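Hi everyone, thanks for making time for this. Please have a look at the structure on the screen, and then I'll talk you through it.

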Amino acid sequence: MFESISDKLDSIFRKLKGKGLLKPEDVEVALKEIRMALLEADVNFKVVRDFVDRVRVKAVGNEVLESLTPGQQVVKIVNDELCELLGSSASKITLSPNPPTVIMMVGLQGSGKTTTAAKLARFFKKEGRRPLLAAGDLQRPAAIDQLITLGRQIDVPVYSSRDTKDPARVGQEALKKARTDAHDILIIDTAGRLHVDDALMEELRMLRDGVSPREVLFVADAMTGQDAVNIAKQFNDRIGIDGVILTKMDGDARGGAALSIRAITRKPIKFIGVGEKIDMLEPFFPDRIASRILGMGDMLGLIEQAQRSFDQKEAESLQQRILGDSFTFDDLREQLRKVRSMGPIENLLGMIPGMNRAKNLQVDEKEFVRTEAIINSMTRKERTNHNLLNGSRRKRIAQGSGATVADVNRVIKQYVELRKMLKMFKGKKGLKIPKVFPF
Amino acid sequence: MGFFDRLKEGLSKTRKGFVEKVESIFSSRPVDEESLEELEETLILSDVGAKSAAEIVKRLGEQAGKGGIREAGSVREFLRQEMVSMLGAAQPLVPFGERPFVILAVGVNGVGKTTTIGKLAGRLRDQGHSVLLAAGDTFRAAAIEQLEIWADRSKAQFVKHQSGSDPSAVVFDAIAAARARGIDVVIIDTAGRLHTKSPLMEELKKVKRVCGKAMHGAPHEILLVVDATNGQNALRQAELFNEAVGITGIALTKLDGTAKGGIVFAIKRELNIPVKLIGVGEGIDDLQDFVPADFVRALFE
Ligand SMILES: Nc1nc2c(ncn2[C@@H]2O[C@H](COP(=O)(O)OP(=O)(O)O)[C@@H](O)[C@H]2O)c(=O)[nH]1
Ligand SMILES: Nc1nc2c(ncn2[C@@H]2O[C@H](COP(=O)(O)OP(=O)(O)O)[C@@H](O)[C@H]2O)c(=O)[nH]1
Ligand SMILES: [Mg+2]
Ligand SMILES: [Mg+2]
């Protein structure tokens, strides 16, 4: 587990607690840590240098707020500055006044263009639009099949042609088809290419000129290192990009490339990819990425999601029940539903600082579904009194929920252990049960 | 084009950027704090990692302090030696022992596993080996078709199951088929997976176990494919894949593009896993052995 940057800064600043203003020499020590954290997060070296300079100017002489420690104060300044640099979250895909809106996906090999093209098509389809996908990658083996398969999964038509090696022609024909078939959005997939490959960059320019895209979206891998600035700059200079999509954010990459790309192109980051599946596309929130780059986890996102799903009163009444030693299967089911309604568990855990590095963290969504099915198959009495659950009842529950008796036994065992744990909480005086995750 | 020229061509951008930088840093002035800082910058920009960079620079500073190094030429020589020694001895990927020699390719999404397998199959075929490719990526759309095209290109045999089926099953069948047919090398493709996803890492462990069931001692080589464009996260990938299945070697791809490849030093330094192959393009011939001395020489020439 890595120490969060604010912990680190706090230990640095501990000795000067209570002093009013941030002093240059103290700020300098803090900036060293910030610099290291940003470099570890793969923010480009030069971007880091400029950034640190900006923070220095803002931090020196800054008054430490009543409610914050000096470490937190510096982190706040850094965080605000990062958010500002990362841009606003309001960026959307601009639609053309005369449809179809043409969108072109560009980027290096393997960055996630094809997958993201399909994700966007699904996104627009959900909005009630009629997207068309075009298979403009004539380079990579089976790239056309890949897009066709994805199109089928989301029921979006794919224009493709296996008779040509010229992506510009595919683009123009797809545009023609989009017009005849009254599609309001055309998303063109393209082959991955190196920013320094003149021939392929020229090919991309020709495709662009033929279809006049409303949006050229630069798709970048969140794991990209120092070179992100060169890559983004070249694509922006040679093709011109309108926005960025950062993929593979579901891993533990700190995503410093986001900052590098923003700093060099000034173009908005519009979406982030958070999984291989076609629905795993999310809007971009600068504050969340900022804390992630700083290694603080996406606390804000987590807190917000938790607030959304957990009614304060409900949480209190639950706590009452737990303390009153009456935590039933009904309560357990309720909690499972709440947690699930917050989104994919893996994404959720990834937002907790340190969690994204925790090893052997087994999270299986199916497990949740199965557990709930098992609870659903219990009678009301059984749900409030687990002592009733003898062998024949367990067998019945297993049959009713499509699980095995072993599954049922496991759920009951977990429940009993949970109760024991909760009792221990109760036994320890002054130990507060966390409101958000009661178990 | 010979090996050396190809490597040099693939690395030309790296070499130029790096060497020009180092020379310009040290040509006109003595080794001092400022010039060392600039060197650190150059190293970090190559994705060497802030830690490794600091270590190299510290050693360089100490040497300079002892009066050993004063000007550009000796700085370059020192750096070269320093970096070669960090990488250790060359460890090429050579099939050995009982047939078939089973290679399992693993890594995160989009790094170049399938392409590297295709290239490797081509090379092994050229060397006179019979090769069978196993379509173990049953998840990604058209991944099977992609590998099949590479099997055609490299004239390797090919075993597949349906898309969406259990990867372990196809792996078992592939190894069994290879044994029955007396094939020399089996290369197994797998779906890309982020190292943080436990269920997928468990699936990979199972694939490995099943290899052992199909043939005692298999897989003989577990190759982690790493994208040279990646930054420090590649270390995490190496760490967690190694923990899950035990990595025996690394294939570093896309070195023709990122122009750096400094992550090699970080991986070797932290985990002591040898880099065995490098990818320098999308064509079937764009695969090279990783030879540390040549690699570093190409950087500094
Ligand atoms: N985990 C994860 N994988 C992704 C994401 N986006 C794409 N991928 C995977 O990355 C790999 C390359 O994606 P692809 O769309 O083929 O990239 P392209 O070469 O740029 O078209 C595939 O295995 C995808 O499933 C994402 O947001 N998260
Ligand atoms: N420029 C370059 N591209 C590569 C290299 N290796 C793979 N690629 C490309 O990277 C993309 C992803 O490769 P693929 O083998 O499908 O990755 P996988 O998802 O790991 O199997 C494809 O477009 C490949 O052509 C390389 O060494 N250099
Ligand atoms: Mg593609
Ligand atoms: Mg593949």
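Predicted model: local features only at pLDDT ≥ 70, side-chain atom pairs only at ≥ 80, totals over all residues.

Residues are numbered from 1 along each chain as its sequence is written, and chains are lettered from A and ligands numbered from 1 in the order in which they are written.

Let's begin with chain A. Chain A has 19 helices and eight strands; here helices (H or I, at least four residues) and strands (E, at least two) are DSSP runs, numbered from the N terminus. Of its 439 residues, 44% count as buried. For us, buried means 20 or more other C-beta atoms within 10 Å of the residue's own, exposed means 12 or fewer, and partly exposed is in between, with C-beta atoms placed from the backbone. Now contacts: two residues are in contact if their C-beta atoms, again placed from the backbone, lie within 7 Å. Among chain A contacts between residues at least 6 apart in sequence, 75% join residues at least 24 apart.

Now the sheet. In chain A, eight strands form an open sheet with mixed pairing, in the order E3-E2-E4-E1-E5-E6-E7-E8. Strand E3 (158-159) and strand E8 (281-283) of chain A are at the edges with a single partner strand each, so one side of each has no neighbour in the sheet. By pairing I mean that DSSP finds at least two bridges between two strands.

Which residues of E1(A) are buried on each side? Thr101(A), Ile103(A) and Met105(A) are buried on one side, and Val102(A), Met104(A) and Val106(A) on the other. As a reminder, side chains in a regular strand alternate between the two faces of the sheet. Strand E1 (residues 101-106) of chain A runs parallel to strand E4 (residues 185-190) of chain A, joined by four bridges, and Met104(A) stands opposite Ile188(A) in E4(A). Four bridges also join E1(A) to E5(A), again in parallel, with Leu217(A) in E5(A) as the bridge partner of Met105(A).

E1(A) also turns up in the packing of a helix. Helix H9 (residues 228-238) of chain A has buried residues including Ala228(A), Ile231(A) and Phe235(A). The buried residues of H9(A) pack against helix H3 (45-59), E1, strand E5 (215-221) and helix H10 (256-265) of chain A. Just after H9(A), Gly240(A) takes a positive phi of about 85 degrees.

One more stop in chain A: Val75(A) is in helix H4 (residues 70-86) of chain A. Why does Val75(A) count as buried? Because it has 25 other C-beta atoms within 10 Å.

On to chain B, with eleven helices and eight strands. Of the 301 residues of chain B, 55% count as buried.

Strand E2 (residues 131-134) of chain B is covered on both faces, with Val131(B) and Leu133(B) buried on one side and Leu132(B) and Ala134(B) on the other. E2(B) pairs in the parallel sense with strand E4 (residues 185-188) of chain B over four bridges, and Ala134(B) stands opposite Ile188(B) in E4(B). E2(B) also pairs in the parallel sense with strand E3 (residues 157-159) of chain B, over three bridges, and there Ala134(B) stands opposite Val159(B).

Next, a pair of helices in chain B. Among the residues of H2(B) that meet H3(B) are Leu36(B), Leu39(B) and Leu43(B). By class, this contact of H2(B) with H3(B) has ten nonpolar, one polar and one charged residues. Ala, Val, Leu, Ile, Met, Phe, Trp, Tyr, Cys and Pro count as nonpolar, Asp, Glu, Lys and Arg as charged, and the others, Gly among them, as polar.

Last, where the chains meet: 35 residues of chain B are in contact with 37 residues of chain A. H2, H6, helix H8 (198-214) and helix H9 (233-245) of chain B each give two or more residues to the chain B side. Which element gives the largest share of that side? That is H6(B), with four residues. By class, the chain B side has twelve nonpolar, 13 polar and ten charged residues.

That's my tour, and I'm happy to take questions.
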